[in-house]
Amino acid sequence: MSTEAPTSMETETVASETKLESNTLLPKPKFEPLKAHEMSDGRIQFRKVSVPPHRYSPLKKYWMDIYTPIYEQMKIDIRMNLKVRKVELKTRSDTPDVSNLQKCADFVQAFMLGFDVPDAIALLRLDELYVESFEIKDVKTLRGEHLSRAIGRLSGKGGKTKFAIENATKTRIVIADTKIHILGSFANIKIARDSLCSLILGSPAGKVYSKLRQVTARLAERF
């Protein structure tokens, strides 16, 4: 009798202890957010952008305008490699976001294509912008004077047609010989590209303007 009593008491005390433990849960662990260089296991990521010969002088002229936002705001290292004529970008330990490297590479690439720094810098600030490029021969095979006239129709007298399309579609257009580069959002690039394609195919500027007016009015209603 004397031996059985303590065993029953022991079981009761053990049960009460387990109840107390289950009621007091351990606090949740707090983990600090990973930094950009920690996400890639501490590996430094690189991007290289080639500098075409005709953009070498403008790059020299506007170097500080390109360097300042990339180094100070986006926290990405940038340098010009004179031997291979490439702009080199790499992440730092204090880079806040991994995507900053690609944004900076797109910004430099846009400048190399011929966009002005104030226009190209929008690529760093807005996520939904990108650059689309195509050639006149992708739309229609033109040679000689026909090609020259098509390029003339695209820009218009003193660049009037090009500016009208840019302002109506909220895009930026660069016409570099037979190549055309458009900077903007997806929907706006589509409208600008359609207008440029109809000009290449031979539509008069007046007809393109009236179509642009209709499309932009429809877009304004939608928003």
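**Notebook: a predicted model, looked up piece by piece**

I began with the surface: the protein chain exposes about 14900 Å², and carbon and sulfur atoms supply 56% of that area. I note here that the model is a predicted one.

Next I looked up how much of the chain is buried. Of the 223 residues in the protein chain, 32% are buried.

I then turned to the secondary structure. I found 12 helices and 6 strands in the protein chain.

I also checked how far apart in sequence the contacting residues lie. Among contacts in the protein chain with a separation of 6 or more, 58% are between residues 24 or more positions apart.

For the strands, I picked β2 and β3. Strand β2 covers residues 76-81 and strand β3 covers residues 86-91, and the two pair in the antiparallel sense over 6 bridges. At one place in this pairing I looked up I76, which stands opposite T91 in β3. The two strands form a hairpin, with 4 residues between them. In the turn I noted R85, which has a positive phi of about 55 degrees.

I located N188 in helix α11, which spans residues 186-200.

Note on methods: Residues numbered from 1 in each chain as written. Predicted model: local features only at pLDDT ≥ 70, side-chain atom pairs only at ≥ 80, totals over all residues. Heavy atoms only, no water. Pairing = 2+ DSSP bridges. Buried < 20%, exposed > 50% of the residue type's maximum accessible area, 1.4 Å probe, protein only. Contact = heavy atoms within 4.5 Å. Areas by Shrake-Rupley, 256 points an atom, 1.4 Å probe, with all protein chains shown as cover.
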